[in-house]
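Take a moment with the model before reading on.

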Amino acid sequence: MVQLEEKICVLQEKYNTLEKQMALLLSQSGTNNGSSNTSNIKTNNALTLLKIVPSTNFHQWVKNLNVSEGDFENLFKNDKTIHQCVQNIIEKNVNHQEPLPMVSFSRNTDIYIFDDKNEWRIMEHDDISNILVRSIYNKIMTVLHAWRAEHKDDIANDDSVGIKFNTAISRIMKINFEDMKHHRLKLREFLVTLSTVSEHTNV
C-alpha cells in the first residue's frame with residue numbers, strides 16, 4: 001500500500017511538471033493570440049516537445065562540442081566565413097541517432113532548446129551569440145595556441161605559413177559579440193534546418 005502511494009505521488013509530480021512545462025511552452029509561443037488553427041498547431045508542437053528527452057541539455061551539449069586542428073585550419077581558407085566554420089564544427093559533432101537539445105518545427109517558427117533546468121524554452125539571441133558562438137570561439141583559441149606552439153618554426157621561417165596564420169588570427173579577433181546580427185541570422189537558418197523535428201529519429 002505504501003509503495004502504491006509512493007508511485008502515485010511520483011506520477012502526480014511528473015504530471016504537475018508536464019502541465020507546468022506545457023503552460024510555459026504555450027505562453028512562450030503566444031497560443032492565445034491568433035486563429036484556433038494556429039493555436040492547435042502550437043499546442044501540437046508543445047506536445048511533441050514534451051515527448052523529446054535529449055540525453056544532455058543545450059549548455060552541456062555546447063560545452064562538449066569538439067574542436068580540432070582541422071577546424072582551426074578552415075580559417076586559413078579565404079572562402080570560409082566565421083559562421084561557416086562554426087556550422088562545420090556543429091555539424092561534425094551532431095549524432096543523428098540522438099535527439100538534439102534543439103527543436104524547430106518549420107523555417108518560420110522559433111527554435112526551442114532544452115535548458116539547464118531540463119525544460120524546453122525558446123532560444124534567445126544570447127544563446128547563439130554568447131553561449132554557442134563564444135564557446136566555439138574559446139575552443140578555437142585553445143586549438144590556435146596549441147597549433148602556434150607546434151608550428152612556431154614554420155611561422156617564423158615560411159612567409160606563406162606566417163601570412164595564413166596571421167590572417168586566421170585577424171579573422172577570429174574581428175568577431176564582435178556585441179554586434180552578431182549577420183552571423184546570428186545565418187547560424188539561426190542553419191540551426192533551424194539542423195533541428196527540425198523530422199531530424200529526430202526517435203520522435
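Predicted model: local features only at pLDDT ≥ 70, side-chain atom pairs only at ≥ 80, totals over all residues.

How do α5 and α9 run relative to each other, parallel or perpendicular? Helix α5 covers residues 82-93. Helix α9 covers residues 181-195. Their axes come within 9 Å and cross at roughly 25°. Angles under 35 degrees count as roughly parallel. The two helices, α5 and α9, are therefore roughly parallel to each other. The crossing also has a hand: for α5 and α9 it is right-handed.

Next, look at the residues that make this contact. From α5 come I82, H83, V86, Q87, I90 and E91. They meet H182, H183, K186, L187, F190, L191 and L194 in α9. By class, the residues of this contact divide into seven nonpolar, four polar and two charged.

Now pick out I82. This residue sits in helix α5. Is I82 buried or exposed? Its relative accessible area is 14%. Buried means under 20%, so I82 is buried. Which residues does I82 touch, once neighbours within four places in sequence are left aside? They are L75, R171, I175 and H183. H183 belongs to the α9 side of the helix contact. The C-alpha atoms of I82 and K174 are separated by 9.8 Å. Along the chain, I82 and K174 are 92 residues apart.

Move to R184, which is found in helix α9. What does the side chain of R184 join through a polar contact? The partner is the side chain of H125, at 3.3 Å. R184 also touches I128 and S129, with residues up to four places away in sequence not counted.

Finally, turn to a loop. N118 lies between β2 (111-114) and β3 (120-122). The backbone of N118 deserves a check: phi is near 60°. That is a positive value in a residue other than glycine. How accessible is N118? The relative accessible area is 48%. Exposed means over 50% and buried means under 20%, so N118 is partly exposed.

Note on methods
Residues numbered from 1 in each chain as written. Heavy atoms only, no water. Helix = DSSP H or I, 4+ residues; strand = E, 2+ residues; numbered from the N terminus. Polar contact = N/O pair within 3.5 Å; in protein donor to acceptor, adjacent residues only side chain to side chain. Contact = heavy atoms within 4.5 Å. Axes fitted to C-alpha atoms, helices over the stretch in contact; angles between N-to-C directions. Parallel < 35°, antiparallel > 145°, perpendicular 65-115°, else oblique. Left-handed = near helix turned anticlockwise from the far one by under 90°. Nonpolar A, V, L, I, M, F, W, Y, C, P; charged D, E, K, R; others polar. Buried < 20%, exposed > 50% of the residue type's maximum accessible area, 1.4 Å probe, protein only.
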